[in-house]
Each structure stands twice: as C-alpha cells, then as structure tokens.
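The structure comes first, and the entries follow.

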Amino acid sequence: MTLLATVLCAIQLVGVEGTDLRARAFFDANNVKVGDPLILTIDFIGEADFKDLHPPALAKAVGKGDWKVDDVSAKTDTFRDARRLTYRVRPMREGVLWFPSLEFEYAGPNGEKRLVRSNDIPVHAKGGAQVVVEEMGEETNAMPKPPELVYPVFDSCVPGPNDDDLIFAWKKAMAKPTADAFVEFDFPAARMNEATCAIREGNWSRAMKIYQKLEWTTGQTPEMEQGIVAALALRYDNPAVELPVWRQVLRPLLRFGWKGRVGLVVGGFAALMLLFWLLGRGIRAVACVAVAVGCVSAASAQGLFQQMEEEMDRMHQQMQQAFGGGGFGFHFGEKEQREPIKIVASVKTNKKELQVGDPFEFILSLEYPRTASVGQIQMSPSETFGLQFTGQATNLTDGRSANTNNVVKRLAIPARYDVPYKGRIAFAVQGMVTGRQSRGRGFSFTFSNSFRVNTSPLAVDVKPLATAGQPDDFAGIVSEGLRVHETCDILRVETNDVVTITYRMFPNGYVPAGFLPKGAAFEWTRQQDREGRVREIEYRRYFVADGDPATPELVIPYYDPRTKTYKSAKTGGTPLYYNTSRGEGF
C-alpha cells in the first residue's frame, strides 16, 4: 500500500527544472540493529537547475511501521555531477526491510511535468540492545510556526483619535481570527495578523506578499523573519527550511524601511564622492611635485629623445633599401595583396553498405593548386550519434583532378557505427595551407594561412546488427572484448545480511546510456577518455544472503565487431561464508 501511494502521489521537487534526470538512493550501512540511525542519500543526476531546490519531506511517503524519517535533518549539497539530498532514517522493526522506491516530480524545459524514480534499498535490521528511538519523536517533524497574533495598543497603532467602533471590530476579529477578518484594518499589526492567519490557513503566497510590503514600509523584524520561514516551510513542505541567505546577509539593511534605505544609499554616495574628491586633491598634489622635478631634467631628456629618433630613422632607411624593390621581392611594412588559395573538400565512405559494428573508413579529399601544400588537418563531423573513430587518419595516394593545375590529397579516417543510423553527415575541415605568389621581375614570396572548409552532406544508412544468434537479453553493447569484475563489501555474513556488490565493466566500444546489468540498483560512475569513449562503468547491486554459498552469476551479452559474433562477459559467484551462531562478528 505504501508503494502504491508513492506511485500515485509523486514527491514535488519544487523549483527544479531540467531535462532527463536520473536518481539513485543508498544508505551508509545496510546491516544494522533496530533503531540505529542511518544516512539516506538520494542523488539526482542530469542537466537541471537545482539552485532553488529545497529538500522535500519524505516521511509521508514511507511506511511509519518500518521506517522513521527525520525530515528536519534533511540537507542538500553538490557531489560531482549530482545534486545530493541526505536524511536521517531509522529502521523500526526487526527483519529485512526494503526502503521503498520513491517517485519525484519536476518541471521540464517547457514547464511540463516529468518524473524520476529512485531505486529501493534493502536493510537487515537485527534485534539486540536498541538505541532510544523516542528521541526522534514526531515533534522533530513539526512545521515552523508563524508569529503569534498581535494585540496592539491602539494609541500607538491607530493614527488619530481612538474609535470605539474600530476597537469593537478589532476585538471581533481577534475572537475569530482569519486572514479576511483583518483586511479592513490598515496598520502594520493588522497586516502581521493577516499574514499569520494566512499561513495557518495554508495560503503561504498571501503571507509572503504581506511580508514583502511590510518590509518595504517598516523594515524587516524578527517576527517578520519568523513568518517568512513559516511561509517557506509551508511552500516547500519542509520543516527544516531556513531564512534565505540573502536576507540573512542583508539583515542590517533590511531592518530599515524605504526611507532609511534611501537615506543610507544617499549617504553612502555622498561619502564616496567625498573620498574621490580627496583622492583627486592628493593626485593633483603629487602631479605638481612631478612637474617640478620634470622641469629640471627636461633639457637633458629632450637631447636624448632626439638622438633616439635619428637612430630609428637611419635603421628604417637601411631596411627599405635592403627589402624595398630589391632581391627579396617585397616592400617591408607594406601589406601584400595575396590571392586566396581555393580548397575544395569532399568525403565518402570506402564501403557502399554499412552495418553496426563493422569497421569502415571515411575518405577525405582536398583539392587545391599544385603550388600549395596543406597540413595539420582536423575533421569535425556534424553528427556523432553512435559514431566512433577507431584510429588516426592515414595518407592515401593522391587522387586525380580534372584540372591539371590542381592536386587531390586523400586521407583515410577509420571509424565504426555502434548504433543504427540513417541521415546525412558533413565534415568541417580545418588546417594550414602554404602557398607561393609571384610579384613580378622574377621575384615571389611564401606565406601560410589557416583554412576552414565544409564538405557537402553525405547520406549514411547504417543497418542494424544481424538478429541471427542474437541473445534475447542483448541490450545493444558493441565492444571489442568486454571485461567485468565483481567485488563485495562483506564476505562473512548471516542469513538475510545485505551484501553490496560493485560491478566494474571495462568496454572497448559502445554502451547505451541508461544500461543496467540484471539486478543492479544504479550506475555509480562512468569514466570517459579525451575522445569521449567510455572506458569504465561502475554499478551497485544489493544481494540479500539467502543461504546460497556464493553471489549470483552475472552474464552480460555483447557484440564483438572484430569477430563479428555475439559473446558474453561473466562475473559473480563470489564465495560467502555464513556465521554458525547468531550475532557473531558484531
């Protein structure tokens, strides 16, 4: 029933907007005694804006008979590529307890609702000397309360002479306080009472608007801070919410109303102008001293500058004689009129039919004049979905051009597609081109420039893998060999102890995003090299020791493009040693 309720009512991640999030959940320990405190960690991974994330309350979504969740202890932090939430949790009864899979709701890029689900977690809660569970009573989950209702002294709160009708209306409102009951009054105490009643009625947005107006007119007070915290706790359904950091930092300024803030700004501006005026006076004084000193040495400095200018003129004349219209063929200091070198790029594949996993080559052709040469060539594909470059580019024999004055340089780039793909792909080619240009009278000069050209789009149709011999549980892994290792956090166990298994997979190719080995709870890390190829993936799995002498065997099928066959990587079967007496090892 608890799990069903969780599915029907997702937990709101208020303020989170992202694309496709993934979630993982784990405890700091999985074999404990009843009542022992555990740290629950929930990580959200993916592209999202988490700056407004407040830890949501979880206690309502978890069965109280099995677990006690302390929502007040919730914290949020950033861990590597994940946004992390932590809670203090205690198991409440003996046995193997499964902390349920929780579903969270967040906003997509266009405001649409999206869901992300965490994994469930087993815990073996054993009997014995328990800690005092009552210390985590329900009062720790109580929501912050707004300020108490204000009973004002009318001589100070109501401008002008006292009005018996006004006093009567006030006492009537206080007898049955509601947010609407205080609307007819226009002094600050009435606004505070209206906000308090709004929070009690569950209308946090109305209370926040009242506090914002009061803060502008009268300034932020301790009672107002208390009300803001209560309103935010109601908004995020989180009793551990705190006053926003910017309100804490600017508290000395916010305690003033608008008049005081304007006065502070004007006074600060005046002080800043005075500081600049004094600084200007000081600079002018220093400048006067410098001028006096400079006048003394001006005569000698002028003679020195004249000598330097004459020497530079002589050097310039000598260089003009050496380079201008002489044997080097160009004028020093003049911009050369270089004719651009035309380079045309095209690309094709060395195979007409392409299939997932089959190696092939992109053949790049660059056509340019024979008087030029190109180097430092780099290619950038317009689409990389499923595309793997499997080696460095190699030079082929030059091709032929219809223009006898041109040469065609060809390169082969080995590649492979690891997923089916049908579409068009183009390449941006860049590098350096060196050319020689004549200037007349038998003289010429050499220059080098960078270049960038684009190939025409190439139609690509990559066929899927053959189904003959394909295993039923094949998940699309294409790898030149595949290694998988298993490690366990404990090997000596009691029946029902939870063993945390770590799988480390070392592919040499393609692994689909989101792939999980059979029985694994979540992916922990995915390491890539500089070219973006996956080199190692780490997974976590929970295994409840049920008397079997070893952990279960894991089999991962994959396609090996070298042998063009389906294979399997295996691991598991780690021996487990069961304690003969209950409680041994604790």
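I looked up Y421 and found a relative accessibility of 15%, so Y421 counts as buried (under 20% relative accessible area, with exposed over 50% and partly exposed in between; 1.4 Å probe, protein chains only). The model is a predicted one, in which local features need pLDDT of at least 70 and side-chain atom pairs count only at pLDDT 80 or more, while totals for chains, interfaces and linings use all residues. Residues are numbered from 1 along each chain as its sequence is written, and side-chain values use heavy atoms, without hydrogens and water.

F362 and F427 form an edge-to-face pair, at 5.0 Å centre to centre and 65 degrees between the planes. This pair links distant parts of the chain, 65 residues apart: F362 is in strand 14 (residues 359-369) and F427 in strand 20 (residues 427-440). Strands are DSSP runs of E of at least two residues, numbered from the N terminus. F362 is buried at 0% relative accessible area, and F427 is buried at 1%.

Y417 and Y421 are stacked, with 5.8 Å between centres and 5 degrees between planes. I noted Y417 as buried, at 2%. One aromatic cluster comprises F360, F362, F389, Y417, Y421 and F427.

Finally, I looked up D560, which lies in strand 28 (residues 554-560) and is buried at 1% relative accessibility.

Terms used:
Helices (H or I, at least four residues) and strands (E, at least two) are DSSP runs, numbered from the N terminus. Rings of Phe, Tyr and Trp (its six-membered ring) pair if their centres lie within 6.5 Å; planes under 30 degrees apart count as stacked, over 60 as edge-to-face and the rest as tilted.
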